[in-house]
Amino acid sequence: MADTAATGQQKMEFQTEAKQLLHLMVHALYTHKEVFLRELISNASDALDKLRFESLTNPAIKSGSDEPAIHIKIDKTAKTITISDNGIGMTRQEVIDNIGTIARSGSKAFLEKMTGDQKADSNLIGQFGVGFYSVFMVSTSVKLVTKRAGSGEPAAVWESKGESDFSIEEGTREGHGTDVVLYLKEEESTYVEEWQVRSLIKKYSDFIAFPIYLPNDKGKEEVVNQTKPLWCRPAAEVTQEQYKEFYEQVLAGFDEPLSILHNRAEGIMEYSSLLYIPSKSPFDLFSLERKHGVKLYVKRVFIMDNCKELLPEYLRFTRGVVDSEDLPLNISRETLQKNPVIEKIKKTLVGKILGKLKELAENEPDTYKKFWQEFGPVLKEGLHMDYENKEQLLELVRFQSSNGTKDEFTSLKQYVSRMRSDQKDIYYITGESREIVEKSPHLEVFKSKSIEVLFLIDPIDEWVVGDIYNYDGKQLKSVMQGDLDLGDLGKEEEDAKKKSETKFKKLSERIKNILAGRVKEVHITTRLKDSPACLVSEANAMGAHMEKLMKAMGQTVPESKRILEINAEHPILMNMHARYSADPKDPDLEEWVHLLYEQALIAEGQMVPDPMAYSRRVNNLLMKVSAKTGNPGPTDDK
Ligand code: ADP
């Protein structure tokens with residue numbers, strides 16, 4: 001009966017991913033098992049934050065006279081350690097949802113990471129938000145007693161051995177909050193030693209904003225951690241070590257931060273900010289339900305995690321804390337949007353972060369390079385979204401180029417400083433990878449004249465390049481689009497082109513007819529040196545790579561016809577011209593024209609429209625060539 005199910009004891013299976021996770025926790029993780037304590041304390045602290053926040057707006061919840069705190073008790077005889085908080089607690093259904101059945105976003109990513117990594121390290125746990133299960137690394141069984149504040153529901157008792165199931169039933173608890181009791185494994189009984197637990201709290205949870213009580217060796221409860229928020233202290237008094245610990249303990253940072261910005265604003269607006277630029281991107285940087293970002297506090301009261309209104313999306317890699325004196329405590333997600341205080345803080349933070357990145361780029365290029373490799377594509381989004389800071393962002397973006405190796409990046413400024421004195425524009429090529437663009441026929445004339453070309457190979461570059469448009473008075477020009485105008489640099493090619501245009505006029509028309517429906521025009525090129533032909537887009541049309549990206553995103557893209565450019569000085573074209581002059585109807589011409597077109601597609605990383613027809617053409621050609629170059633006939637070696 002539903003009623004019994006809601007109050008009596010229920011046995012339930014863990015959800016599949018949860019089971020896999022538990023299995024890993026118990027059997028595959030063997031380093032840093034002690035992080036279970038950090039995870040439980042962090043959950044307790046979150047529960048206290050939630051209570052404080054809900055009590056501001058929900059009259060059914062009174063945070064009461066009890067001091068919000070975390071209490072840890074150890075029992076040497078029973079070999080148990082208990083972590084208690086008087087936070088928000090959970091209803092029976094919340095227990096089932098949160099730590100039993102519902103797949104959590106981090107679980108899958110965690111499992112993927114773990115299975116690929118032999119050196120399983122428990123440090124991954126916090127990063128993926130699958131912390132609670134870490135209790136089973138050290139316990140034979142775990143009991144959780146919890147009561148939800150303001151719900152009027154009785155307490156719920158959850159118990160499990162961390163295998164495939166758990167039980168849940170009604171219980172009693174004085175007041176709201178949660179107790180987690182761990183029945184320690186024999187070999188993990190060191191966690192009943194007071195000194196051990198104390199040192200773990202200092203190591204992993206020192207900056208938790210609520211007091212953590214632990215009985216000393218005389219049985220008297222003492223606060224173990226420092227509770228004054230780190231961001232409230234003057235920067236001069238905080239050590240690097242403390243910043244790092246705060247990053248790990250409060251912001252769930254798992255890497256070495258690249259840069260730390262700690263500021264206090266006083267005057268018209270008062271707030272503190274402590275921001276970190278990480279060195280590694282979290283697994284969910286591109287997910288909408290990202291967990292970490294900037295936490296918002298108002299007068300030291302936690303308001304929310306990952307407050308997206310505080311920073312633009314393109315700076316979402318930043319983690320940290322902002323604590324405002326000017327916002328009302330009962331601010332909600334809805335009222336945050338367009339809030340003038342938030343808007344002003346955001347503006348200053350953006351300025352500070354961009355300023356810091358500029359400083360890194362100028363003074364610590366190696367550090368900046370690390371940043372760029374990790375977050376470059378994200379920062380580039382700013383060029384599309386933040387017009388106000390475009391100038392600054394233009395100094396911060398980096399690209400690979402024909403001038404450097406795949407590990408080198410250039411700024412636009414550096415590119416300009418290397419431009420040939422007679423060069424007017426900045427040239428770029430877009431494509432799927434360095435390997436593809438590097439070998440592109442479109443680069444031939446640039447190589448021959450030592451003109452540097454930027455390689456735009458991030459998917460986002462196609463969008464970004466339109467936003468850059470020009471830099472330092474120089475236009476950005478695609479080497480694959482429009483009429484190539486190299487100015488004085490291309491004089492020689494232009495003269496040759498004019499001559500060939502007359503000579504090739506008729507053949508060009510014939511080619512255009514053969515490729516009717518596929519190409520819009522056939523032009524004599526100035527781009528090519530070694531290749532016979534290539535495809536280009538019209539100046540304002542969508543480039544081939546952009547088209548491919550749009551299709552990959554499921555967009556319907558109008559089929560745009562492109563221009564086939566032919567190299568009149570290439571032997572193939574010269575031969576074709578000779579054949580055409582002798583017999584304008586020569587049937588071989590048709591086959592060759594199709595082949596030239598198909599090869600041009602392949603060279604750009606595109607698909608040929610009819611692969612079977614393509615291979616038939618190549619085979620026919622091979623047949624002819626092999627027959628001509630001495631077919632020895634059937635072998636006859638007895
Ligand atoms: P995370 O804390 O990263 O979300 P966990 O596996 O540690 O992942 O916890 C799962 C969920 O269980 C939490 O998000 C929270 O909703 C709930 N929870 C865990 N511990 C507590 C607690 N002490 N009080 C209230 N809720 C808790």
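Predicted model: local features only at pLDDT ≥ 70, side-chain atom pairs only at ≥ 80, totals over all residues.

Visitor: How many residues does the contact take from domain 1 and from domain 2?
Guide: It takes 18 residues from domain 1 and 18 residues from domain 2.

Visitor: Which residues does each domain cover?
Guide: The domain assignment gives 10-223 for domain 1 and 230-362 for domain 2. Domain 3 covers 410-479. Domain 4 comes in two pieces, 489-539 and 549-628.

Visitor: In which sense do strand 8 and strand 9 pair?
Guide: Antiparallel, over three bridges. Strand 8 spans residues 212-215. Look at P215: it stands opposite E221 in strand 9.

Visitor: I clicked on S160. Where does it lie?
Guide: S160 lies in strand 5, which runs over residues 155-160.

Visitor: Is S160 buried or exposed?
Guide: Buried. The cut-off for buried is under 20% relative accessible area. S160 has 6% relative accessibility, so it counts as buried.

Visitor: And what does S160 touch?
Guide: Leaving out residues up to four places away in sequence, S160 touches F14, F136, S141, V142, D165 and F166. Its side chain also reaches the backbone oxygen of D165 at 3.0 Å.

Visitor: New topic. How many residues are in the largest nonpolar core?
Guide: That core has 73 residues. L296, L357, F371 and L379 have the most contacts inside it. Helix 10 (residues 340-363) gives the most to this core, with ten residues.

Visitor: Why does this core lie between domain 2 and domain 3?
Guide: Because both domains give residues to it.

Visitor: What does L296 touch?
Guide: Not counting residues up to four places away in sequence, its contacts include V301, F302, I303, M304 and C307. L310, V322, L327, L336 and I342 are also touched by L296. Apart from this core lies another, of 48 residues, with A18, M25, I70 and L182 among them.

Visitor: Let's move on to strand 17. How many of its five residues are buried?
Guide: Five of the five, so strand 17 (residues 426-430) is largely enclosed by the rest of the structure. Both of its faces are covered. I426, Y428 and T430 are buried on one side, and Y427 and I429 on the other.

Visitor: What pairs with it?
Guide: Strand 20 (residues 474-478) runs parallel to strand 17, joined by three bridges. There, L476 is the bridge partner of I426. Strand 18 (residues 453-456) pairs with strand 17 in the parallel sense too, over four bridges. In strand 18, I429 has F455 as its bridge partner.

Visitor: Last one. What is the order of the open sheet of three strands?
Guide: The order is 21-23-22, with mixed pairing. Its edge strands are strand 21 (519-524) and strand 22 (533-536). Strand 21 pairs with strand 23 (residues 562-566) in the parallel sense over five bridges. V519 has R562 as its bridge partner in strand 23.

Visitor: Which strands does helix 18 lie across?
Guide: Strand 21 and strand 23. Helix 18 (residues 505-514) runs at about 155° to strand 21.

Key:
Residues numbered from 1 in each chain as written. Heavy atoms only, no water. Pairing = 2+ DSSP bridges. Helix = DSSP H or I, 4+ residues; strand = E, 2+ residues; numbered from the N terminus. Core = buried A, V, L, I, M, F, W, Y, C linked by side-chain atoms within 4.5 Å. Buried < 20%, exposed > 50% of the residue type's maximum accessible area, 1.4 Å probe, protein only. Domains from an automatic or database assignment. Contact = heavy atoms within 4.5 Å. Polar contact = N/O pair within 3.5 Å; in protein donor to acceptor, adjacent residues only side chain to side chain. Axes fitted to C-alpha atoms, helices over the stretch in contact; angles between N-to-C directions.
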